Amino acid sequence: MRVGGAGIFPAVNEFPLFSSVTTIHSLHDLFHSTAFVVAQNVAISLAVVFWLGLAFWVYKDARRRIGDPFLRLLATLIGLAPPYIGPVVYLLFRPSETLEDVRSRRAELQALEQQLARSQPACPVCSSAIGPDYLACPVCTTMLRQPCATCHAALEPLWQMCPYCASPIEPSRVDLDAALTAEAKTISLVEDTIPLVPQAEARAADA
């Protein structure tokens, strides 16, 4: 029995070693097989293409958001140098608005400023900005309104009663013909951009 037992125990002790060697040979054959090499090359190629695609996306997005060429190049390098991490860093620090959005917002602000400037009253002679209660233009000294005889508030030419003190305005103070003549002699603007040339006085030869 000892002989038989001695023959059994060495075989049992040698079985794990044989199994490990077989597994190593199987893994070696698998890693060096043609299918595994092809799959590995395809995975590496896809990873490189995806990495370059992310870098190209960073470059295109930086062109839309960054006007400085140096900062644009730096953003592209950040998106290219650390693979897959650079685009995430760029997303954290990129400008929130595109250059087109900034230009559109500036154009809207300029349009609003021009509209506000056009809505402000101006002198009919020199086009200087005037206040709603100015009696005369401070630039060309043109009389714009007449003062009320009671409260000395600025009155419009066509008013017949002072809205501040409810005092009636004398009929002589309301000269419609003079107001319309003064309005016709001033140079008005068509759409606030195209000036009209005042009409020339009638000549004696044309009469």
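1. A quick definition before we start: helices here are DSSP runs of H or I with at least four residues, numbered from the N terminus. Keep in mind, too, that this is a predicted model.

2. With that in hand, look at helix 2, residues 34–65. Arginine 64 and aspartate 61 sit 3 residues apart there, which means about one helical turn between them. The two form a salt bridge, with their closest N and O atoms 3.5 Å apart. Aspartate 61 is buried at 5% relative accessibility, whereas arginine 64 is partly exposed at 47%.

3. Arginine 65 counts as buried, with 13% relative accessibility.

4. Now for a link from further along the chain. Arginine 94 also meets aspartate 61 in a salt bridge, at 3.1 Å from N to O. This pair connects distant parts of the chain, 33 residues apart: arginine 94 is in the loop between helix 4 and helix 5, while aspartate 61 is in helix 2. Arginine 94 is partly exposed at 28%. Through shared partners, Asp61, Arg64, Arg65 and Arg94 end up in one salt-bridge network. The total count of salt bridges is 5.

5. Elsewhere, have a look at the surface. A nonpolar patch there has about 1100 Å² of accessible area together, and its members include Phe50, Phe70, Leu74, Tyr84 and Phe93. Helix 3 (69–80) and helix 4 (86–93) each supply at least two of its residues. Phenylalanine 70, found in helix 3, is exposed, with a relative accessible area of 58%.

Key: Residues numbered from 1 in each chain as written. Predicted model: local features only at pLDDT ≥ 70, side-chain atom pairs only at ≥ 80, totals over all residues. Heavy atoms only, no water. Patch = residues over 30% accessible without salt bridge, like charges linked within 9 Å, V, L, I, M, F, W, Y side chains within 5 Å. Areas by Shrake-Rupley, 256 points an atom, 1.4 Å probe, with all protein chains shown as cover. Salt bridge = Lys/Arg side-chain N within 4 Å of Asp/Glu carboxyl O. Buried < 20%, exposed > 50% of the residue type's maximum accessible area, 1.4 Å probe, protein only.
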